[in-house]
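Biologist: I would like to learn how to read a structure like this one. Please take me through some features, one at a time.

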Amino acid sequence: MEAMRAPSGTHDVLWPDSRRWEHVLARFSAAARIAGFGLAITPLIEDVRLFQRGIGQFSDVVSKEMYELTDRGGRRLALRPEGTAPVVRAFVQHRPALPWKAWYATPAFRYERPQAGRYRQHHQVGVEALGTPDPDLDVEVIALASGFYGELGLHEVELICNSMGCATCRPAYVEALRSYLASRADTLCPEHTTSFQASPLRVLDCKTEACRMATDAAPRLIDHLCQDCSAHFERVCSGLDEQGIAHRIEPRLVRGFDYYTRTTFEFVGLALDSAQNAVGGGGRYDGLVEALGGPPTPGIGFGIGIERLLLACDAEGCFQQDATQADVFVVDLVGGHAARSLVGELRAAGVPTARAYDQRSMKAQLKAADRSGAAIALIVGPQEEAAGAVAIRNLRSPRGSGEQDRVARENVLPAILEMAGTAGIVGLWGTAGVESVGGLDGEGVP
RNA sequence: GUGGCCGUAGCUCAGAUGGUUAGAGCGCCAGGUUGUGGCCCUGGAGGUCGGGGGUUCAAGUCCCCUCGGUCACCCCA
């Protein structure tokens, strides 16, 4: 029988790797809440038209990368390829009071050829803020992402931004660019010599030497912005300066979704070797709500790819791998009833506690205790049981020293707390909740 | 969707030009120490050599197909 495996381009995230995910998720949710964003959970499946109308019928993501399905009722559905459209759809459907700020964490599905940093199912955390064109909001949203990277200890990240203009100024610019490209069509790369007609903006983003040179002198969008867009972009940039957020204006930055207007930005992981080095990106989408059937409402948001974020964190060595499954390990040589009662008692008191099963030998149980990373072993054999006591052993004491005491059964908890001090595990528990998950507290944050 | 590289134990990998029962390190299990983890020693379990077909007296090794992984293009997080 062939062993089952996860579909191509999808991955399992298991302990201890998953610790980093818990950490990232906990940090992001905290940062988002502090910034006034509330969690939004929306369905993984949506009407395909949501993405066709939102992202754009002819975008690559919609035209050739969507996971589409027909349900038993004949509805055409799609697995979300990105996070913004569903949240904006929820806004249109429920019309919460403005401004509305939501954060999310979600898988996203795109049928692409997998490679480093690119998967068919990947995961994003992100935010959407709807209801005002105020550039202060742009700054705030960008600052949230930027601060989040910093909190994780990720520093080799470059912020690049651009403005895509609006319905007033962009069409004229696109026309200008198209005719410029037409004049140099023969110097473009093979792929763009004809396709520039349909999507001239894409050529700006082309990495080939030919297109680079050809577009060096091309008209730049930021020079063709209308007065409003220009003023808006200036205020975003000065706002970022004011906050001390380094950024580079990149007139070539073109993002793949049709809904973007005005501010667009991307965070590039400089420590990443892979060609997939965008660790986050987003922008304003002042026409999206309307396109989805809601009232004219401006909005802005970003998404951060967790897999790429983690790749970047690895490249910078943000996390120390130091997994512990428990702080206390119970070794039972009396048939299991001591383990049952001690484990129950300690866990109820909030102490991460593990034990062995199957009545294995003492050596095997202590070995398991060692591997679990526990700092303390509680040992109950016939002698202890007869004396109504528990042996408490410091698993972190120097090799051979075998530091071990015997305490009365009822004094186990205080004895653990006392030894915890010398074993150097204070604080591993007691700060219950996501922040202490996996003992990652403080790691990676200078 | 296009192209390059790679699939041998749970993991990392050896296995010249085809030739006996396919190996190592790590990990796992047990014993050495009948009540004490880490270091050490001994032993053990674990493989349809990704799958299918072909060439051959003989295929992990050569050929074809296929699946999977990986990298790049494309696109994006």
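**A loop residue, a helix pair and an RNA strand**

Modeller: This is a predicted model. Start with Ile222, which sits in the loop between α9 (209–215) and α10.

Biologist: Which residues is Ile222 in contact with, leaving aside its neighbours within four places in sequence?

Modeller: Contact here means heavy atoms within 4.5 Å. By that rule Ile222 touches Asn162, Ser163, Phe233, Ile249 and Pro251. Distance along the chain is a separate matter: Ile222 and Glu250 are 28 residues apart in sequence, and their C-alpha atoms are separated by 9.4 Å.

Biologist: Now helices. At what angle do α5 and α10 pack?

Modeller: Helix α5 covers residues 135–152 and helix α10 covers residues 227–242; the angle is about 40°, and the axes are 8 Å apart. Angles under 35 degrees count as roughly parallel and 65 to 115 as roughly perpendicular. The α5 and α10 pair is therefore oblique. The crossing of these two helices is right-handed.

Biologist: Which residues of α5 and α10 meet?

Modeller: From α5 come Pro135, Asp136, Asp138, Val139 and Ile142, and from α10 come His232, Arg235, Val236, Gly239 and Leu240. Sorted by class, this contact has five nonpolar, two polar and three charged residues.

Biologist: Which element gives the most to the surface near RNA strand B?

Modeller: That is α14, with seven residues. Elements that each supply at least two residues include β6 (121–130), β10 (278–284) and α15 (382–387).

Biologist: What part of the RNA atoms within 4 Å of the protein belongs to sugar or phosphate?

Modeller: For RNA strand B the share is 47%, and the rest of those atoms belong to bases. Individual atom pairs show each kind of partner. For a base, a backbone N or O atom of Gly117 lies 3.3 Å from a base nitrogen of RNA strand B.

Biologist: Which atom of RNA strand B lies 2.9 Å from a backbone N or O atom of Gly280?

Modeller: A sugar or linking oxygen.

Technical notes
Residues are numbered from 1 along each chain as its sequence is written. Chains are lettered from A and ligands numbered from 1 in the order in which they are written. This is a predicted model: local features need pLDDT of at least 70, side-chain atom pairs count only at pLDDT 80 or more; totals for chains, interfaces and linings use all residues. Side-chain values use heavy atoms; hydrogens and water are left out. A residue is near a molecule or strand if one of its heavy atoms lies within 4 Å of it. A polar contact is a pair of N or O atoms within 3.5 Å; within protein, one must be able to donate a hydrogen and the other to accept it, and residues adjacent in sequence count only if both atoms are side-chain atoms. Helices (H or I, at least four residues) and strands (E, at least two) are DSSP runs, numbered from the N terminus. Axes are lines fitted to C-alpha atoms, for helices over the stretch in contact, and angles run from 0 to 180 degrees between N-to-C directions. Angles under 35 degrees count as roughly parallel, over 145 as roughly antiparallel, 65 to 115 as roughly perpendicular and the rest as oblique. A crossing is left-handed if the near helix is turned anticlockwise from the far one by less than a right angle, and right-handed if clockwise. Ala, Val, Leu, Ile, Met, Phe, Trp, Tyr, Cys and Pro count as nonpolar, Asp, Glu, Lys and Arg as charged, and the others, Gly among them, as polar.
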